[in-house]
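Please examine the structure below. The briefing that follows treats helix packing, the nonpolar core and selected residues.

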Amino acid sequence: STQGVSSAASDVYKRQITKNALANSLTELMAATPLDKITVRMLVENCGLNRQTFYYHFQDIYDLLGWMLERDAENLMGEKVDADNWKPALGRVLTSAREKKTLVVNACHSVSRELVERYLCRNIEYVMRPLVVREAKQLGAGAEGVRFVLDISKYSLCGCILTWIDRDMQESPEELLAAISVLEVEDIDSLLRRFAANGNKN
């Protein structure tokens with residue numbers, strides 16, 4: 001019924017509001033407290049909720065952090081990316097990380113570093129895939145070449161960005177983007193040419 005659909009939509013909306021409140025609370029606390037020192041009690045008291053509400057939505061603090069990063073990744077990946085606009089798209093990933101500097105740096109310096117790596121790799125692969133696919137078609141590298149080069153590019157870029165985070169994001173997103181984008185296209189073409197050449201020999 002219409003009433004049932006409306007009620008379900010209302011429940012989803014309320015859950016989203018609650019999860020956002022918990023996320024905002026974690027962000028506020030991380031501005032002054034290391035992530036590993038934040039407890040569920042601190043988190044819920046800061047936003048006026050209770051522990052039962054928290055555990056209804058999340059298993060622990062790191063589960064909440066993972067949800068926050070996934071939410072951000074989904075927002076970024078909601079934007080269209082093609083082979084010609086990968087730089088602005090990657091710039092948005094860097095800018096988003098910079099805007100969440102306290103959260104991202106704090107997370108990287110805790111046991112949740114893996115969550116940040118996963119977040120970055122997911123965004124980078126989404127941004128770089130159209131460029132790698134286009135270059136692979138032009139060079140005849142095939143699907144295996146795309147996967148191989150995309151993995152190398154993804155983990156290489158992720159390493160650069162994690163180093164930037166570890167250095168407290170001293171460079172601006174624009175400076176970092178300018179530095180890595182020059183190397184990236186040359187590396188992709190070089191790797192794909194080699195992959196295509198090896199494939200033709202076999």
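**Helix packing**

α6 and α8 are roughly perpendicular to each other (the class for angles of 65 to 115 degrees; under 35 is roughly parallel, over 145 roughly antiparallel, and the rest oblique). Helices here are DSSP runs of H or I with at least four residues, numbered from the N terminus. This is a predicted model, in which local features need pLDDT of at least 70 and side-chain atom pairs count only at pLDDT 80 or more, while totals for chains, interfaces and linings use all residues. Residues are numbered from 1 along each chain as its sequence is written, and side-chain values use heavy atoms, with hydrogens and water left out.

**Two helix pairs**

- The angle between α6 and α8 is about 100 degrees, and their axes lie 9 Å apart; axes are lines fitted to C-alpha atoms, for helices over the stretch in contact, and angles run from 0 to 180 degrees between N-to-C directions.
- Val104, Val105 and Cys108 of α6 meet Leu162, Ile165 and Asp166 of α8, where contact means heavy atoms within 4.5 Å.
- This contact of α6 with α8 comprises 5 nonpolar residues, no polar ones and 1 charged (Ala, Val, Leu, Ile, Met, Phe, Trp, Tyr, Cys and Pro count as nonpolar, Asp, Glu, Lys and Arg as charged, and the others, Gly among them, as polar).
- α7 and α8 pack at about 135 degrees with axes 7 Å apart, which makes α7 oblique to α8.
- The contact of α7 with α8 has 17 nonpolar, 1 polar and 7 charged residues.

**The nonpolar core**

- Within the largest nonpolar core, which has 62 residues, Leu26, Leu64, Leu120 and Ile165 touch the most other members; such a core is a set of buried Ala, Val, Leu, Ile, Met, Phe, Trp, Tyr and Cys residues joined through side-chain atoms within 4.5 Å.
- α7 supplies the largest share of this core, 11 residues.
- Not counting residues up to four places away in sequence, Leu26 touches Leu35, Ile38, Leu43, Ile61, Leu64, Leu65 and Met68.

**Individual residues**

- Lys154 lies in helix α8 and is buried, with a relative accessible area of 8% (buried means under 20%, exposed over 50%, and partly exposed in between, with a 1.4 Å probe and protein chains only).
- Leaving aside neighbours within four places in sequence, Lys154 is in contact with Cys121, Ile124, Glu125 and Arg147.
- Most residues other than glycine have a negative phi.
- Asp168, in the loop between α8 and α9, has a positive phi of about 65 degrees and is partly exposed at 40% relative accessible area.
- Met169, in the loop between α8 and α9, has a positive phi near 55 degrees and is buried at 1% relative accessible area.
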